[in-house]
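This briefing is meant to be read beside the model, with the chains open in a viewer.

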Amino acid sequence: MKREKASNWSPEFQRAIEESGLADDINRCMFCGKCTGICPVAAINPSYSPRQIIRELLLGNHEQVLHSEEIWRCFWCANCLGYCPSDIKYPLIMLALRYYALEHGSGKKYATLFTRFVKNAYKDAVTFQPGKPQRLDQIKAMRTSIGLVPLRIVSDKGKEEYRKLYEITGTLEWLDNLHATEEVPLKFSFETGKLILGDFKENRSNLERGV
Amino acid sequence: MTMGQTAISSMQTEVERKANVNLDTCMQCGCCTGGCSGIEAMDFSPRQIIQLIKMDEWAVLLNSRTIWMCVSCHICEDRCPARIKISSVMDALRAIAYSQPTAEPNKQIHFHNLFLGQVKTFGRTHEGLLMMSYSLKAKTPLPPMRLIIDYLRRLRVDMKPPHMLGKAYRFTIKKAQEGGKDHGA
Amino acid sequence: MEMLNQEVLIIGGGIAGMQAAIDIGASGRKVVIAEKEKTLGGHVKDYTCLFPDLSNGTALVAQKVAKVEAFPNITVQLETEVSDLERVNGGFKASLTKNSASETQNFGAVVIAGGYGNFDGTKYGEYGYGRYPGVITGIEFEQNMGEILKRPVKTAVFIKCVGARDRSKGMPYCSKVCCMYTAKQAKELKNAHPDASVYVTYMDIRANFKNGEEFVRGVMEEERVRYIRGRVGKIFPANGCLTVRMEDTLKGVPQEIEADLIVLATAMVPVNSTNNLVMKVGGKVDDNGFITSLPLAESTNPMEVAKGVYYAGACGFPCDVRESLNQGSAAAAGVLSYLQVNGRP
Amino acid sequence: MANQANQIERLSLIDRQRVAKLPTPEKIFLFLSCTGSIEYPGTEKAVKEIAEKLNMELVESEDQTCCTGYMLTCNALNPQLALAATARNLSIPESMGLDVAVFCNGCYGYIRELNHLIHSNPNFKAVADEALKVIGREYHGHVNIYHVQELWYRQLDRIKSLVKRPLTGLRVSSHYGCHYLVNKDVAIDDFKYPTFMEELYTALGATPVFYKERRACCGYSVGRGFTHREETVLPHLAKKMGSAAQEGVQLMTTTCPGCNVALDREQPALREKYGINVNIPVIDISQLIAFALGTPIEQLGFQANTTPVIPVLEQFL
């Protein structure tokens, strides 16, 4: 079990998250653990705990949070928000954290998976337009058979305005940038130092290897 | 991960009986971990060990590194505000782990066995023999040559063959192994 | 009919004793305050700032002293100790010792406001109090606030429960006020050094006072003092600062914090000087050494220790200034009603 | 039956005042959802059918694009675009002077939250305004956003009187998508123990079933169905659907076509990987209402479902 050093903590991290405008006041956290108790991911994943992530945030453990797998595990089911006695908007904090992590180059593999939807949407202004022609025909047939228009179509005006928004906000460059810069590997796992029962053996071998 | 909590823990009963402690007084303050000398080699902190005992997690406890990495420095015991004898708890856990039929012998168990075997045979340990038999048994390399020479030069390791003890000592050991029942009776 | 001597003896001239004296004095009875120190005011006179409203303790004491002195029927005997106390004919006979000269006086009732002591930090060898100049106690922080706040502090750690909730040191009780005064001191430190990191190590936050919880939460949320759950294992000097070793029990990770200033929130402990007197007049002292009042069902006043004997303030159990004042007034009310009913032959 | 209804009444935490404040509009803007129109087109159809029966005119606009919420929460786009796109989409009904009805929890959650962020944070508002200025639109925030389920619930009595095919004896259970109820200050029901869907299908004559993991999430939002499918989502779904199967649920209703994807499409994988006997058709509550109100079964797009729906509903034809 590695000792954590206070010299690795800095208040900058929390400030950066708060400046994103999504986390209003995480200082309200009382560490009651209600979020972890109700979290569906924590119920399955031994190393994931919302309370722990907020704690790391408050102490300012920049490296450990950003370069960990944990922040990418959240389902965004907002159970924690619904149950939190301090009304901390944890899902929004998670959103901010993930964007912040992307800025620092980690976790890109989880974001680049979805860039095809963004490109689809740029083309059609609809997210889930099927790519394969036979699937498209299938959907068209189904929609026609139940008395709807064959395919939901966005007007040319709408598409044009939507594309314009892409250009104004620089989304395409943002995407290119996401693909171009190098990914920083996720190097930290919260598994060390926690009560883990399931993958205990694996954890132990990790420990022996000094991970 | 959701873990079950049991009100009656057989592990706790066993440890409390063996180590003569009351684990219910633990208030999970973490003072033991704060002072612990060997924490960096452990997988669970002493505080977590006590919680695991209360949660009746036999498998985790008996396979954990912590119980073997504890060096019995008694710092935790000295600082514990609940007066729990944590070193005794660790001793009890080691004893339980050793007596488990499923327990896989690790380096520490090998060492303890060899050490006690030597004491039984010679009345004391013979460092040179112990070191060699240990590296054979646990399949670990011998200490570096530099260190061995240094030990020999400073007479830290005895070069002489171990002396054999008389019949009286062997008899005592035999009696002790039988539980000392009819000793002096 | 001859009136018995109905003077009231108050042992201890702290904030609770003075409050009792004022309330009894206002009824016109004669009161004697026996204070062993050179001045009135007890511990509170050293406190520049009281939680949770951050009022000034020194000013409070000065105001009470002025009131006590304004009453002609209150006699203040400084540097005086009560060496003996016994029941005589429904009243009390006390020997007041001043400069080893003792005189006996008769009283109708007694209020014990003996106050409290501070836990000796050196009993915790691992915290290095007395060995390292960076480690101070909360009381020292309070007394030398101006000087300490001027020190260049980058990281400070406040350690709670020093001498409280520790059975191995024979201190099983919770000292009650440490949570609050630590929060207040952390707030002051953070105000003086906004860039410093201030950590408080705690086990439970027991802010059981009016506005207490809000105050502590405010310290965390507005002042950004970081509270870490766990008890400190040891402190040792390294690289020119002090390293604090502890476990964050909410994370389950052992941690090291390098700090320049470490403040031990020492507990309030009983002073045993009045315990003999209490036992002599039939009162009881609990296992920790605090005076115990009569069971509620048997007593007429919550501060009643024995017939005609009342206590007030922290000699009964750790309490804050406001509670001491309340207890002082309660004891005064008890004394007055006692003398009214039982004071005549 | 009566017992069950009483029980729901007793346990219900529905905010009656909020329900009373909901409108019964004659004309409302229908915010189209990509999943609801493409993966499960039956949802869109059902909403239109019910609206017609309740004399509610639905206005659509071809200018409305996708809500972009999915891509935002998958971290695949520049967050500023999400703000701008939401403001643009909401400016369309605003210019028509209409309120918005949404039939997908995802769209509802995202546009409501982003709407809230735009109006609570001046920085975000500046971003949205600037982008809208370029394309010649304006958005002031005079739009109310409703989930179609609350509109149905508001007219519960009317729906009850219109039922043509009472679903007597059908054991129905519900999955409440998270992103409607989490808007605590507007949602009509309690986040932790919602019952409005149970009331809706009790009105249709069905029997509500409460299973253990009723409030659990579907696990598919923010793309976790792609990235952490094996590791977290499938065990989670096995737990959820397994507890539903144990209670003998015949049909599960949701309020979100996105949740349908997770609960419906993953069932073969659950049977295969975990060996649990789960065979529960999952449909939108609007589809169930439309069916009870007499819409022909072939018009409800049940052929899109992986687990067949028609065998369960056949008996009521």
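Asn99(C) sits in the loop between strand 5 (91-98) and strand 6 (101-107) of chain C, where helices (H or I, at least four residues) and strands (E, at least two) are DSSP runs numbered from the N terminus. Its phi is near 50 degrees, a positive value in a residue other than glycine, and Asn99(C) is exposed, with a relative accessible area of 60%; buried means under 20% relative accessible area, exposed over 50%, and partly exposed in between (1.4 Å probe, protein chains only). This is a predicted model, in which local features need pLDDT of at least 70 and side-chain atom pairs count only at pLDDT 80 or more, while totals for chains, interfaces and linings use all residues. Residues are numbered from 1 along each chain as its sequence is written, chains are lettered from A and ligands numbered from 1 in the order in which they are written, and side-chain values use heavy atoms, with hydrogens and water left out.

**Other backbone features**

- Asp87(A) also has a positive phi, near 55 degrees, in a residue other than glycine; Asp87(A) is found in the loop between helix 6 (79-83) and helix 7 (90-103) of chain A, and is partly exposed, with a relative accessible area of 42%.
- Phe51(C) and Pro52(C) are joined by a cis peptide bond with omega about -15 degrees, and Pro52(C) lies in the loop between strand 2 (31-34) and helix 2 (57-70) of chain C.

**Chain C as a whole**

- The secondary structure of chain C comes to eight helices and 21 strands, and its C-alpha atoms fill a box of roughly 75 × 40 × 40 Å along the principal axes.
- For 345 residues, a compact globule would have a radius of gyration near 20 Å, and the 22 Å of chain C agrees with this; the radius is taken over C-alpha atoms, and the globule rule is 2.2 Å times the number of residues to the power 0.38.
- Of the 345 residues in chain C, 59% are buried, and among its contacts between residues at least 6 apart in sequence, 65% join residues at least 24 apart, a contact being heavy atoms within 4.5 Å.

**Chain D as a whole**

- Chain D holds 18 helices and eight strands, and its C-alpha trace spans about 55 × 45 × 35 Å along the principal axes.
- With 317 residues, a compact globule would have a radius of gyration near 20 Å, with which the 19 Å of chain D agrees; buried residues make up 66% of chain D.
- The domain assignment, which is automatic or from a database, gives chain D a domain 1 (22-147) and a domain 2 (162-309); their C-alpha centres lie 24 Å apart, and 28 residues of domain 1 are in contact with 32 residues of domain 2.
- Helix 15 (residues 257-265) of chain D is mostly covered, with seven of its nine residues buried, among them Pro257(D), Cys259(D) and Leu263(D).

**Between the chains**

- Four pairs of chains touch, and the pair with the most contacts is that of chains A and D.
- Chain B and chain D do not touch, their nearest C-alpha atoms being 11 Å apart, and no contact joins chain C and chain D, whose closest C-alpha atoms lie 21 Å apart.
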